[in-house]
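Visitor: Could you walk me through a structure the way you would read it yourself? I would like the general idea each time, and then the case at hand.

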Amino acid sequence: STSGSGVMNMYGEVPWEEWSGAIVGQKTDLDNFRSKRTQEKVRSLIEEIVDSEGPIQVEVLVRRVGMGFGFSRLAKDRAKSISHQISRAEVLTDPDGFVWTQGIDLDKWLVFRRSTGEQRRFEEIAPIEIANAAWQLSLQNDLPLSSPELSQFVLEYFGRKKRTEGLNKHLAIGIAQA
């Protein structure tokens with residue numbers, strides 16, 4: 001796990017690990033969110049996925065939980081019910097909408113996980129990871145953080161060539177945090 005307590009002393013690049021995608025329940029389990037058993041099962045799965053993939057974007061986490069119950073897509077009400085359980089699980093959500101393993105000190109988290117566009121969209125990479133990668137790349141290439149060249153290096157580092165408005169906005173958030 002890249003987000004467990006061992007990360008506290010780590011810095012730099014580590015491998016991005018996707019959650020295994022194990023099925024933990026049936027679709028019908030999510031029909032009864034009033035059941036304590038269902039709520040506990042969902043929270044447990046949230047914690048497992050975050051431990052494997054965290055920091056993970058809330059929307060991605062909700063989709064992964066749905067996959068754990070056999071869904072390829074979730075209706076809005078079902079997604080909302082899963083999302084509500086995030087706040088009740090033993091995880092924390094940062095101001096950028098990324099969910100972390102509880103106990104991580106975000107100010108000391110210096111890790112970034114390289115991944116391709118096929119593995120995760122650029123907007124699914126936590127701004128803190130973008131900031132950490134930008135900082136490392138700026139040192140390696142002797143470039144200021146405000147450099148357009150550095151922005152391009154960061155995008156290429158995460159396997160991106162084409163820029164979109166959403167990608168540029170997300171990149172700017174990460175660079176600002178650096």
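Guide: Let's begin with burial: a residue is called buried under 20% relative accessible area, exposed over 50%, and partly exposed in between, using a 1.4 Å probe and protein chains only. Helices (H or I, at least four residues) and strands (E, at least two) are DSSP runs, numbered from the N terminus. Helix 2 (58-68) has eight of its eleven residues buried, so the rest of the structure largely encloses it.
This is a predicted model, in which local features need pLDDT of at least 70 and side-chain atom pairs count only at pLDDT 80 or more, while totals for chains, interfaces and linings use all residues. Residues are numbered from 1 along each chain as its sequence is written, and side-chain values use heavy atoms, with hydrogens and water left out.

Visitor: Which residues of helix 2 are buried, and what covers them?

Guide: The buried ones are Val58, Val60, Leu61, Val62, Arg64, Val65, Gly66 and Gly68. Their cover includes helix 1, strand 2, helix 3, strand 3 and strand 4. After helix 2 comes glycine 70, with a positive phi near 90°.

Visitor: How should I read a nonpolar core?

Guide: Take buried Ala, Val, Leu, Ile, Met, Phe, Trp, Tyr and Cys residues and join them through side-chain atoms within 4.5 Å; each resulting set is a nonpolar core. Here the largest one has 21 residues, and Val42, Ile46, Leu61, Val65, Ile86 and Val99 touch the most other members. Helix 1 (36-53), helix 2 and helix 3 (76-86) each give at least two residues to this core. Another core lies apart from it, with 16 residues, among them Phe112, Ile125, Val154 and Tyr157.

Visitor: What does valine 99 touch?

Guide: Contact means heavy atoms within 4.5 Å. Not counting residues up to four places away in sequence, valine 99 touches Val50, Gly54, Pro55, Ile56, Val58, Leu61, Ile86, Val91, Leu92 and Thr93.

Visitor: And how do I read a sheet?

Guide: Strands of a sheet pair through backbone hydrogen bonds, either parallel or antiparallel. Two strands count as paired if DSSP finds at least two bridges between them. This model has an open sheet of three strands in the order 2-4-3, with antiparallel pairing. Strand 2 (56-57) and strand 3 (91-93) are at the edges with a single partner strand each, so one side of each lacks a neighbour in the sheet.

Visitor: Which bridges hold valine 99 in that sheet?

Guide: Valine 99 is the strand 4 bridge partner of isoleucine 56, and also that of threonine 93. Strand 2 and strand 4 (residues 98-101) pair over two bridges; glutamine 57 has phenylalanine 98 as its bridge partner. Strand 3 and strand 4 are joined by three bridges. Their hairpin has four residues between the strands, and glycine 97 there takes a positive phi near 85°.

Visitor: Where is glutamate 124, and is it buried or exposed?

Guide: Glutamate 124 is in the loop between strand 5 (110-114) and helix 4 (127-141). Glutamate 124 is buried, with a relative accessible area of 10%. Leaving aside neighbours within four places in sequence, glutamate 124 is in contact with Gln57, Val60, Arg63 and Phe98.
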